[in-house]
Amino acid sequence: MAGRVPSLLVLLLVFPSSCLAFRSPLSVFKRFKETTRPFSNECLGTTRPVIPIDSTDFALDIRMPGVIPKQSDTYFCMSMRLPVDEEAFVIDFKPRASMDTVHHMLLFGCNMPSSTGSYWFCDEGTCTDKANILYAWARNAPPTRLPKGVGFRVGGETGSKYFVLQVHYGDISAFRDNHKDCSGVSLHLTRLPQPLIAGMYLMMSVDTVIPAGEKVVNSDISCHYKNYPMHVFAYRVHTHHLGKVVSGYRVRNGQWTLIGRQSPQLPQAFYPVEHPVDVSFGDLLAARCVFTGEGRTEATHIGGTSSDEMCNLYIMYYMEAKHAVSFMTCTQNVAPDTFRTIPPEANIPIPVKSDMVMMHEHHKETEYKDKIPLLQQPKREEEEVLDQGDFYSLLSKLLGEREDVVHVHKYNPTEKAESESDLVAEIANVVQKKDLGRSDAREGAEHERGNAILVRDRIHKFHRLVSTLRPPESRVSSLQQPLPGEGTWEPEHTGDFHMEEALDWPGVYLLPGQVSGVALDPKNNLVIFHRGDHVWDGNSFDSKFVYQQIGLGPIEEDTILVIDPNNAAVLQSSGKNLFYLPHGLSIDKDGNYWVTDVALHQVFKLDPNNKEGPILILGRSMQPGSDQNHFCQPTDVAVDPGTGAIYVSDGYCNSRIVQFSPSGEFITQWGEESSGSSPLPGQFTVPHSLALVPHLGQLCVADRENARIQCFKTDTKEFVREIKHSSFGRNVFAISYIPGLLFAVNGKPHFGDQEPVQGFVMNFSSGEIIDIFKPVRKHFDMPHDIVASEDGTVYIGDAHTNTVWKFTLTEKVEHRSVKKAGIEVQEIKADSEHKLETSSGRVLGRFRGKGSGGLNLGNFFASRKGYSRKGFDRLSTEGSDQEKEEDDGSESEEEYSAPLPAPAPSSS
C-alpha cells in the first residue's frame, strides 16, 4: 500500500515553485500562430489552439498532439501556456473526448509544467509547483458552464500561467488500429473581471482497502473547514468499477446537509447542487464512497490503474474575489464517529442504466473474466434460502446479485414496529430504484426483456414476503368492503402496484419559481402554477397575516404554464401581473382554472382562453378575514363536476372548508381549529389540499399539520373517516384521487424524525398503503402538490426544488401461488404487465404515453421581460434566489405563516 499512495499523489500535490516571464499581450496571437504545434492530420480543428471570440473573450483548444498509448492505464500529460500576461477568467469548459478511448481527464493550472515536451508520461510529474485542479471529466460528461459572474482566475500576478492536461487511457483496445488520439478540452476565457472566483475542493481517500468478496465497504473522508466562506454550486464524484454511490455533506451543529449524491457509474459531470450550500469556518465536510468487493479474488486498493479504485468527491465552489482560494484538499477522516449519524441515503446505491456503463470496462471484463470475475452469477431460485429475520439477505436473494448490488442496513427484527415500517419503506424505495435501473431494455432484445421480467417478478415476490413483516397498519387488505353509508363499491386493488419515476420526463429541470400547484386539464395536459421571482419567507406577512411585500408588485412572469405531456413543450402560458404568492391550482370539467393566492387572500376562476382577466373572484384583495366574504391564506379549491359546487380550504390562519354555489354565493362552512395533541374529527390545522370523490359524494381534506386525511359527505358535511399512518410523519401536504386509489405526499421530517419525505399510494376503501415511492433523480424537499390521472400517471410539484416529477403506476393482474424454499409467494405471469386502467367517467382522461423531449423553462423564460438567466446549462442556479436556514429542523421558511402557537407549522 505504501508504494501506491505516492504514485497517486504525485499527480495532485505540491512541488517547489518557480516563475516564468511572459511576452507582451500585443504579440500573443501572432506568437501562437507562429508556434502552432504540429498536430496529426487526424486532429481536425486543433491547429488553432487560440481562437479569438471578441475584444475581451477568446477560446483555448487544449488537445493531445496525436498520441498512441501502447499499454493500458497510460497517463499522458501536455501543457499549454496562457496566451495573455494579464489576468483572465475561465468561464466555460467543453470536453473533446469519448469514454470509448479515455478513462478520465484532469485539467490543472500551475506556473511551470514538469516537462517542456509536446507531451510526456505523467509519471514524470504534472507541475513543478503547486497544481490546482480546474476541471475533471469522465464517462462522456457534458460541457460545464459556470454561473454568471463566476470564473476560475488565471494569469496576472497570482493566477496560473500554464494549463496542464492529464489524460488517462484506461483500456487501449480501441487503439488496435493505431489511430492517433487528440482528446482534450476547450476553454472559454474572458479578460473581464469576475466578482466571484471559482475553486475546487477535492475530497479523496488514500488508504481505503476493499477486501475480496466483501459485500459493503465504506470509505469515509472528513475535514474541518477553516477558511473564508465558500458557496458550493456543483459537485462531481469519481470511483472506478466497484463504486456504487458517493455522497458529500456539510455537517453543522450535528445536522447533515446534502452537497451531492451520485452514482460514479453515471456520466461523471459536474452536477448542480439541489440547493445552494454555504460552508463556513468550523463546519465539517464529510464524504462517503460505498464499494463492493464481491466478485474480486484479491483485495483492491486505492491507485491509478483501472483495476485499482479511487474515492474522490470534487466540490466546485465560489468565493468573494478578495478572499478567493483556488484549490483545497481533504485526504483524512478527522471525525470517524460522526458517520454514525450519516443519512441512510448515503448507503443506498443509485440505479444505473446498462447503456450508460463505461465501454472500456466491458473490454476489461472480457480480458479478465477468467482471472477476476467482476460480477457473480445469480444462484438458482431452487437453492435460495430466505431468512425473514434478515432483511439484507432477503433483499439480496430476491433481487439476485447480477449486474450490481443493493445495500441496506442490517435489520434487527426485535426492534419496535415503527422501525419495521421505516425499513420496509426504505427497502421498497431501493427495490423500486433497482427495477428502474435494470428493466430499461430495448424492445426486441429478448434476453434483456427476460431479465427485466425476472427482476419484476422478484420485486413483487419481495413485496409479498415483506408484507408478513409489516406492522398491521401497513398491510394491504384484499377485502374491499364499502364503508357504512357508502352505496357504491370501489374498484378492487390488491396491492400489486409499483410506482416508478419516468426517467425520460424532462420536467425535473429547474423552474423560475417555487412550484405551488399542479393539475391536469381536460386534454390531459399538465398545468403548473408557480411563483416566479416571489418567495414566501418570514418577512412576507405580519402577525395579523397582512402581506408586507406589496411594494414588489405582482409577479411579472407568466405563472400558469400548460405543458404537453408527450414532448414537454410549453403549449400556453398566462397569469402574469395577477398574483403575488400563488398557492393552489385545480381545473374543473370545463377546463377553467381555479387558483388561490395566499398574499391576496383570494380565489380566482380563470378561463384559459380569455385574456381579459378572472371571470370570478372570491375574497377581498389583501384583506385577511374569517367571515363569508373573506379568506385568510386559502390553500386549495375543488369543484364538483356534477353540481358545480365550489369548495375552498381556508387555510393557514383559518381552519375551515367553505362551500359556494357555482356563481360564487356563500352556502355554508364547517371545521374548527384543532385543540390538543389528539384533534377531533372536523378539526384542522392547515387544511392544505382537497380531493373530491364524486361517485361517493365525498370530499377529502389533507389536514396538513395533523398528518392525516379527513373525508366528509358533500351533502351533509358529516365526517366519514380518517386516514392516518405513522409513515406520514408530521405532515400530509397534498392528495389526489382516482377511482379506487388515493395518492398523497408528506412533508420533510423534523430533525430527529425517522419518517422520510415520500409519496404514498393507498387503497381508498380500506385506507391501507399499497406502495410508497420517491424520485430517482433529485430528492423530494417540499413536495407541495400532487395530481394523478386514471392510468396511474402522477405528477408532483416541489416548492423548494422548483421541480416537477412524473411517475407511472404499473400493475400485475395474473397471479398463481407457488412455493419456493418452503415459502408461499405470489408469482406473476411474465406477459401480463399492463398500465392500470379503469372505466370510470372521471373528468380527467388517460395519458397515451410517457413524456419525452426537453422541458427547459429557463430557455422559455429567458426571452421574457425582466427575466435573466442566472445559471448555466448543466449547472443551473435558476430559481435559487431564495435561501433557507439549513440548521433549522423544521420544513422551511419559504412558506411561513405569521407567528402561531409553538410548535408552529411550517408554511407552504
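Colleague: Which residue does a disulfide join to Cys77?
Modeller: Cys122, with an S to S distance of 2.0 Å. Keep in mind that this is a predicted model.
Colleague: How many disulfides does the structure hold?
Modeller: The structure holds 6. The link of Cys77 and Cys122 is one of them.
Colleague: Is that link right-handed or left-handed?
Modeller: Right-handed, with 120 degrees about the S-S bond. Cys77 is in strand S3 (residues 74–81), while Cys122 is in the loop between strand S6 (120–121) and strand S7 (132–138), so the pair ties together parts 45 residues apart in sequence.
Colleague: Is Cys77 buried or exposed?
Modeller: Buried, at a relative accessible area of 0%. Cys122 is buried too, with 0%.
Colleague: Next one. What does Cys289 form a disulfide with?
Modeller: Cys311, and their sulfur atoms are 2.0 Å apart. The torsion here is 85 degrees about the S-S bond, and the link is right-handed. Cys289 sits in strand S19 (residues 284–291). Cys311 sits in the loop between strand S20 (300–301) and strand S21 (312–320). The two are 22 residues apart, and the pair links distant parts of the chain. Cys289 and Cys311 are buried.
Colleague: And Cys632, what is its disulfide partner?
Modeller: Cys653, with the sulfur atoms 1.8 Å apart. The torsion about the S-S bond is about -100 degrees, so this disulfide is left-handed.
Colleague: Where do Cys632 and Cys653 lie?
Modeller: Cys632 lies in the loop between strand S31 (616–618) and strand S32 (634–639), and Cys653 in the loop between S33 and S34, so the pair ties together parts 21 residues apart in sequence. Both cysteines, Cys632 and Cys653, are buried.
Colleague: Why does Asn654 count as buried?
Modeller: Because its relative accessibility is 10%, and the cut-off for buried is under 20%.
Colleague: What does Asn654 touch?
Modeller: Leaving out residues up to four places away in sequence, Asn654 touches Gly625, Ser626, Phe631, Cys632 and Pro687. For Gly625, a polar atom of the Asn654 side chain lies 2.9 Å from the backbone oxygen.
Colleague: Switching to strands. How many residues of S28 are buried?
Modeller: 6 of its 6, and S28 covers residues 582–587. Strand S29 (residues 593–597) runs antiparallel to S28, joined by 4 bridges. Leu585 stands opposite Val595 in S29.
Colleague: How many residues are between S28 and S29 in the hairpin?
Modeller: There are 5. Gly591 is in the turn and has a positive phi of about 90 degrees.
Colleague: Last topic. What is the strand order in the open sheet of 4 strands?
Modeller: S42-S43-S44-S45, with antiparallel pairing. Strand S42 (732–738) and strand S45 (769–773) are at the edges with a single partner strand each, so one side of each has no neighbour in the sheet. Neighbouring strands are turned by 20 degrees against each other on average, direction ignored.
Colleague: How many bridges pair S42 and S43?
Modeller: They pair over 6 bridges in the antiparallel sense, and S43 covers residues 741–746. Val732 has Asn746 in S43 as its bridge partner.

Key. Residues numbered from 1 in each chain as written. Predicted model: local features only at pLDDT ≥ 70, side-chain atom pairs only at ≥ 80, totals over all residues. Heavy atoms only, no water. Buried < 20%, exposed > 50% of the residue type's maximum accessible area, 1.4 Å probe, protein only. Polar contact = N/O pair within 3.5 Å; in protein donor to acceptor, adjacent residues only side chain to side chain. Contact = heavy atoms within 4.5 Å. Pairing = 2+ DSSP bridges. Axes fitted to C-alpha atoms, helices over the stretch in contact; angles between N-to-C directions. Disulfide = S-S within 2.5 Å.
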